[in-house]
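Hi everyone, thanks for coming. Please have a look at the sequence and the structure on the screen, and then I'll walk you through a few residues.

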Amino acid sequence: MSENELTRIENEVQIISADIRKELPDLSQAEELPFDLCGDYWTPENNGEYKLLFYTGLSVEKAKRYNSDEIIDLECATFIERMDSGTNKKVICGSRKLVGILEGLEESGRIKIGTALKITYMGKKKMSKGLGNNWSIKPLIIKYE
């Protein structure tokens, strides 16, 4: 079996739930997946800040309204970021402009779940309704060794 086939099989691992109404299995020998389900909300601070990410789609996440304690549903772009340690973590960003661009790219078939992207924050830009975030989204070519 080639390394690419192994990679494809590993990417298809599903998280399986136990039936908690029955005797639970022993978890002391369970294998930990290299993926943290706790997502980090990405709010870039500096122009040129970027992340190398795998696109995982759009979702509605619970978030606090800006300058308020009110909890709202926020449409977000979601990604997986591979860390230097070999683990992966979920990254979430709710920038309206970024979400809108990614939604259009997905609907047009230009990106799909699993597309590797370099997303760069380009700073604030004057928009018709004030200042908004400006982004660069570049697809990446993955080189398998």
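Let's start with Leu 140, which is partly exposed because its relative accessible area is 35%; partly exposed means between the buried cut-off, under 20%, and the exposed one, over 50%, with a 1.4 Å probe and protein chains only. A quick word on the source: this is a predicted model, so local features need pLDDT of at least 70, side-chain atom pairs count only at pLDDT 80 or more, and totals for chains, interfaces and linings use all residues. Residues are numbered from 1 along each chain as its sequence is written, and side-chain values use heavy atoms, leaving out hydrogens and water.

Back to Leu 140: you'll find this residue in the segment after strand S6 (130-139). Strands here are DSSP runs of E, at least two residues, numbered from the N terminus.

Next, Lys 51, in strand S2 (residues 50-64). Is Lys 51 buried or exposed? Lys 51 counts as buried because its relative accessibility is 17%.

With a relative accessible area of 1%, Cys 76 is buried. How far apart are the C-alpha atoms of Cys 76 and Leu 58? They are separated by 5.6 Å, while the two residues sit 18 residues apart along the chain.

Notes:
Helices (H or I, at least four residues) and strands (E, at least two) are DSSP runs, numbered from the N terminus.
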